[in-house]
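Please keep the sequence and the three-dimensional view at hand.

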Amino acid sequence: QVQLAESGGGQVQAGGSLRLSCAASGRVFEHYVMGWFRQAPGKEREFVGCIYWSSGITYYPESVKGRVTISRDNVKNTVYLQMNSVNPDDTAVYYCAAGTGYRPSTPRDYTDWGQGTQVIVSS
């Protein structure tokens with residue numbers, strides 16, 4: 001089992017950037033993909049991207065490609081989400097999750113989840 005804790009949420013102005021962190025502990029390397037999701041009120045949880053612990057290879061959906069960068073620090077067991085040019089539609093609770101598989105992009109591909117961190121983008 002992996003324990004995950006997100007941080008870095010808060011209020012951001014439209015056009016700005018946000019950087020979220022996800023600290024992992026426990027049996028981290030048994031879950032070799034770390035994903036980011038977000039969920040806005042009344043909407044389904046949306047995949048934002050993922051990164052493989054060992055290689056650092058990332059995968060992003062077309063909806064955020066070019067605005068999102070996911071990185072990791074294997075020493076600190078921490079994964080980061082950087083999002084640029086944010087807009088009010090990016091307002092959501094952001095979650096990190098641990099999973100396995102090839103380009104896992106749905107919530108059921110992930111077995112362990114953090115509590116989430118709220119991001120509010122003001123116009």
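**Aromatic rings and a neighbouring loop**

Arg-45 lies over the face of Trp-113, 4.8 Å from the ring centre. Arg-45 also lies over the face of Tyr-95, at 3.8 Å from the ring centre. A charge sits over a ring if NZ of Lys or CZ of Arg is within 6 Å of the ring centre and within 35 degrees of the ring normal. The model is predicted, so local features need pLDDT of at least 70 and side-chain atom pairs count only at pLDDT 80 or more, whereas totals for chains, interfaces and linings use all residues. Residues are numbered from 1 along each chain as its sequence is written, and side-chain values use heavy atoms, with hydrogens and water left out.

Tyr-95 and Trp-113 belong to a cluster linked by ring pairs, together with Phe-37, Phe-47, Tyr-59 and Tyr-110. Rings of Phe, Tyr and Trp (its six-membered ring) pair if their centres lie within 6.5 Å; planes under 30 degrees apart count as stacked, over 60 as edge-to-face and the rest as tilted. The structure holds seven aromatic pairs. In one of them, Phe-47 and Tyr-59 have ring centres 5.9 Å apart and planes at 35°, so this pair is tilted. The pair links distant parts of the chain, twelve residues apart: Phe-47 is in strand β5 (residues 46–52) and Tyr-59 in strand β6. Strands are DSSP runs (E, at least two residues), numbered from the N terminus.

Phe-47 is buried, at 8% relative accessible area, while Tyr-59 is partly exposed at 24%. Buried means under 20% relative accessible area, exposed over 50%, and partly exposed in between (1.4 Å probe, protein chains only).

Pro-61, in the loop between β6 (58–59) and β7 (68–73), is buried as well, with a relative accessible area of 15%. Beyond its neighbours within four places in sequence, Pro-61 is in contact (heavy atoms within 4.5 Å) with Phe-47, Val-48 and Gly-49.

Technical notes: Helix = DSSP H or I, 4+ residues; strand = E, 2+ residues; numbered from the N terminus.
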